[in-house]
Structure formats: C-alpha cells, structure tokens
Amino acid sequence: MFKLIADTLLSQVRTLWLVFIKLFQKKDTVEYPDRKPYMFPRWRGRIILSRDPDGEERCVACNLCAVACPVDCIALQKGEMDDGRWYPEFFRINFSRCIMCGFCEEACPTNAIQLTPDFEMAEYVRQDMVWEKEDLLINGTGKYHDYNFYRVAGKKIEGKDKGEALNEAPPIDVKSLMP
Amino acid sequence: MNLEIGSPLSIGLVLGVVIITAALLITVERRLLGFWQERLGPNRVGWFGSLQVVADMIKIFTKEDWIPPFADRFSFVVAPGIIMSVVLLSFAVIPFAPNIGVIDSNIGVLFVLAMASLGAYSVMLGGLSSDNKYALLGSLRAAAQMISYEVFMGISLLGVVALTGSFNLREIVEAQNDGWYIIPQFIGFVIFLIAGVAESHRLPFDIPEAEQEICSGYHTEYSGMKFGMFFVAEYIGLVLISSLITVLFFGGWLGPNFLPPIIWFSIKAFGFIAFFILLRAAVPRPRYDQLMSYGWLFLLPVSLINLLVTGAIILSSQ
C-alpha cells in the first residue's frame with residue numbers, strides 16, 4: 001500500500017517539482033531573427049557559381065553537377081567561346097527541389113559550383129525559387145582562391161597551347177619515338 | 001458610488017475583472033507552459049508578449065463563424081452561451097473581499113455546485129447538436145466525467161461546511177480567522193483540487209476534448225467566436241476553481257494587514273491558477289476508464305471517510 005502511494009502519488013509530486021524548477025533554468029529557444037546563429041564555413045547552404053582569380057567564370061559546362069544531382073534540380077547548356085573555352089549558356093538551379101546535399105560541389109572538376117553558409121532563401125512566389133546564372137554567379141573565388149582551371153588543365157585554348165599549362169610537360173611527339 | 005456588496009460598481013468590477021483575467025490567462029498560460037517546457041512562449045506582441053491576447057482576439061473575431069448544415073442550429077448556437085453564463089453566474093457568490101462581491105447568499109456553496117452541474121448541459125448539447133462522431137464521444141465522456149466528479153466534489157466540501165456550520169462563503173472565510181481549513185481539511189482539499197481539475201476539464205483530465213484521441217471533443221465543429229466562448233469559459237472556470245479553493249481552504253481575503261484584502265485574494269487565486277497550468281505542463285492524461293475507476297473506487301470512499309472523520313471529531317469535541 002505504501003509502495004503504491006510512493007510510486008504513484010509521490011512520483012507525481014516529484015514530476016511537478018521537476019517541471020516547476022524549469023522556470024528558473026536556461027531556455028533552449030534561440031530567438032532567431034534577433035540572434036543569428038553562427039554558421040560554419042562548410043555549411044551546405046545556398047549554391048553559388050564562383051569565378052577564377054582572373055575574373056572569368058569557372059564553370060566549363062561539363063554537366064557533371066547535373067548528372068550527380070539526385071533530385072535533378074540543375075539544368076545547363078554548354079556554349080563555346082571563340083578562344084576555345086567552354087561556358088554555360090544558361091545555368092539554372094531550382095531551389096525548390098534542391099536538397100543541399102553538396103554532391104554537385106563534389107562532382108565539380110573546376111571548383112566552380114560551391115555551397116555557402118547562407119540559408120535564408122524563403123520566397124513567397126514559387127517561381128522565384130528558380131535561380132538563373134546571373135543570380136548564382138558571384139564576383140569572387142569562393143573557398144578556393146588560387147585555382148584556375150585553364151591554367152593547370154591540358155585543354156588547348158587561344159593563347160595557351162598544349163604543354164604550356166602549369167606543371168605540364170610539353171607533349172611528346174609519338175612519331176619521333178623511333179627505336 | 002461606494003464599494004459594497006451588490007453595488008453596481010462592485011458588480012461591474014467583478015464581471016470586468018473576471019473576463020479580462022480569463023482573456024489574459026490565454027497569454028499567461030502559453031507563456032508559463034513555454035517556460036516549463038524550456039521554451040520562451042509568445043513574446044513578440046507587446047512587452048514580453050503581453051498584447052498577445054489582443055492578437056488572439058483579433059484573430060478569433062475575424063474568423064468565419066460557421067454553423068455546419070447538418071447540425072441542430074438552435075442547440076448548437078445556445079450551447080456556448082450556456083457554459084459562458086453559468087461560469088460567470090458562479091462568480092456571483094464568490095467573496096472577493098469584505099466589500100466586493102455580487103450577493104451575500106446563504107447557499108453559496110450549493111449555488112456554485114448547481115452552476116457547475118448546469119455546465120454539463122452546455123457540453124452535452126454542444127456535442128450532440130454537432131452531429132459529429134468525435135463531438136458525440138466527447139460529450140458522452142464530458143457528461144459522465146462531470147456528473148461523477150461532481151459527486152465527491154460536493155462531498156469533499158462538506159467537511160468545510162460542517163466545520164463552519166454554514167453554506168455561506170463569506171462566513172466560511174471569516175471562520176478561517178483562527179486558521180485556514182487547509183490544515184484540518186487537507187484530504188478534502190486534495191480531493192477538491194482533483195475534482196476541480198476534472199470539473200473544468202483541463203489537463204490532465206481533459207478527456208472530453210482529448211486532441212490525440214477525439215479531435216477536439218465536443219467543440220470539434222465550433223469555429224470563430226462560438227469556439228472562443230468555449231475557450232474563454234474554460235479559463236473562467238479555471239479562475240472560478242482557483243477562487244473557490246482560495247475561499248474554502250486558504251482563507252479567502254484573509255492575510256496580514258500590510259496589503260488590502262483583495263490583493264491577498266488575487267495572490268492566492270493566481271497561485272492556484274499557476275498550479276493548474278503547472279499540472280497541465282507536467283502530468284500526462286489518464287485513460288478514460290482509469291479516470292472513472294479512480295473517481296468512483298478511490299476518491300469517493302476517501303471523501304466519505306474524510307467527511308465521517310470530520311463529523312466524528314466535531315461531535316466528540318462538543
């Protein structure tokens with residue numbers, strides 16, 4: 001009988017006391033719009049397209065990001081400049097579908113597409129969630145400051161022939177390799 | 001205009017303060033619940049959320065006041081009015097201070113109990129006229145719960161009545177000058193507290209409106225201000241039960257002289273309101289059959305024993 005009372009009645013009283021002292025304890029709420037949370041630099045948030053140190057677009061329209069995207073929210077079209085560089089004619093990300101997984105960033109061979117710590121992207125009109133290239137492009141280099149794809153890659157463009165890239169040996173003329 | 005029992009100023013004061021307190025309780029409850037759940041609660045409107053009630057009222061007044069086509073119109077409209085008026089009528093006999101009150105009735109305790117019983121009609125009519133299965137279940141539960149908990153709510157009060165020798169609430173308060181009835185009538189107090197929670201069907205005994213089981217119970221089909229009347233009536237009921245506990249067991253307006261009587265009454269009553277909100281934050285809801293068997297098999301015998309022992313002590317001391 002006494003054990004029953006202790007288990008039922010007293011445990012209720014204990015519950016009441018434990019809940020009551022929560023009045024004086026620190027609250028878990030973060031008052032968000034007044035107090036911004038610290039966003040870690042590697043946070044996977046809003047996607048941007050970066051430029052190389054010379055100010056050119058890094059994206060070479062290889063479509064790897066669009067292939068890697070699990071929800072197919074990236075669409076782009078390849079274009080080619082007169083000097084042989086590739087670039088996206090349009091580059092469209094549908095942020096209403098994007099799940100911020102970061103696979104596009106991992107797939108990108110030129111560090112063009114990057115995820116940033118910004119997450120405040122709510123819109124009233126759903127169509128506004130579709131971002132075009134001019135919305136995505138930023139003026140800086142993003143997380144990788146010195147990388148320039150065309151300077152290190154073996155691709156031949158106007159003003160840079162095969163073998164002239166950084167750390168690249170001149171191509172071997174296979175026809176000269178006679179025994 | 002002088003402040004005495006039954007004067008127009010006194011009546012207006014009681015009516016206005018009770019309704020405003022009940023409306024403010026919407027904010028206070030949400031705020032306190034927030035604190036007890038490690039949240040902050042609504043703190044955006046006004047100073048620390050004090051104007052939240054205004055926002056709530058604007059919202060509830062601008063909502064569509066819809067009567068379902070399948071409902072029984074007359075009783076559907078009448079039901080929220082009944083509960084609102086009976087809980088407000090109950091305040092007629094509450095002695096707030098020596099000079100504040102509506103009537104000085106010789107049957108105060110009985111009047112409050114009778115009005116609480118009439119409240120069951122509102123809940124039943126509201127549920128039945130909605131023609132909705134959840135509302136029907138809710139009203140059935142409400143009727144059974146209110147009727148069974150009224151039984152020993154009345155019996156638990158009889159100890160106080162026997163000690164005072166009067167049903168008059170003012171005489172009950174004045175009889176506590178030597179000591180509050182919480183000490184001789186502790187068991188009666190606990191039973192009255194539990195029955196009061198069940199009577200105003202607040203958590204943990206909100207089985208008639210258990211959201212998780214039966215939507216909102218008897219007010220499932222209500223919207224707009226008709227829902228608001230049920231809602232505010234629940235808070236007025238909370239104020240009523242707290243005032244009753246204060247009057248019956250905690251000496252009403254009595255207290256040290258440095259504060260006026262009405263302030264003492266308010267402090268005590270608000271303490272119990274906060275306790276009821278704490279109950280809501282802390283205690284889970286029992287099952288329906290547990291509630292019923294707890295009432296009939298445990299609380300009823302205990303309250304009867306309490307009454308018998310009180311009577312025996314009074315007889316032997318004479």
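Beyond the neighbours within four places in sequence, Phe91(A) makes contacts with Leu49(A), Cys59(A), Leu76(A), Lys133(A) and Leu136(A). This picture comes from a predicted model. Phe91(A) belongs to strand E3 of chain A. Its C-beta has 25 C-beta neighbours inside 10 Å, so Phe91(A) counts as buried; the cut-off for that class is 20 or more. Lys78(A) sits 13 residues away from Phe91(A) along the chain, and the C-alpha atoms of the two are 9.1 Å apart.

Turning to the sheet itself, strands E2, E3 and E5 of chain A form an open, three-stranded arrangement in the order E2-E3-E5, with antiparallel pairing. Strand E2 (74-80) and strand E5 (130-131) of chain A are the edge strands, each pairing on one side only. Two bridges join strand E3 (residues 86-94) of chain A to E5(A), again in the antiparallel sense. Within E5(A), Trp131(A) is the residue that stands opposite Ile93(A).

After H4(B) comes Asp131(B), which has a positive phi, near 60°.

As for confidence, chain B has an average pLDDT of 85, with 100% of the residues scoring at least 70. For the complex, the predictor reports an ipTM of 0.77 and a pTM of 0.78.

Key. Residues are numbered from 1 along each chain as its sequence is written. Chains are lettered from A and ligands numbered from 1 in the order in which they are written. This is a predicted model: local features need pLDDT of at least 70, side-chain atom pairs count only at pLDDT 80 or more; totals for chains, interfaces and linings use all residues. pLDDT is the predictor's confidence in each residue, from 0 to 100. Helices (H or I, at least four residues) and strands (E, at least two) are DSSP runs, numbered from the N terminus. Two strands pair if DSSP finds at least two bridges between them. A residue is buried if 20 or more other C-beta atoms lie within 10 Å of its own, exposed if 12 or fewer, and partly exposed in between; C-beta atoms are placed from the backbone. Two residues are in contact if their C-beta atoms, placed from the backbone, lie within 7 Å.
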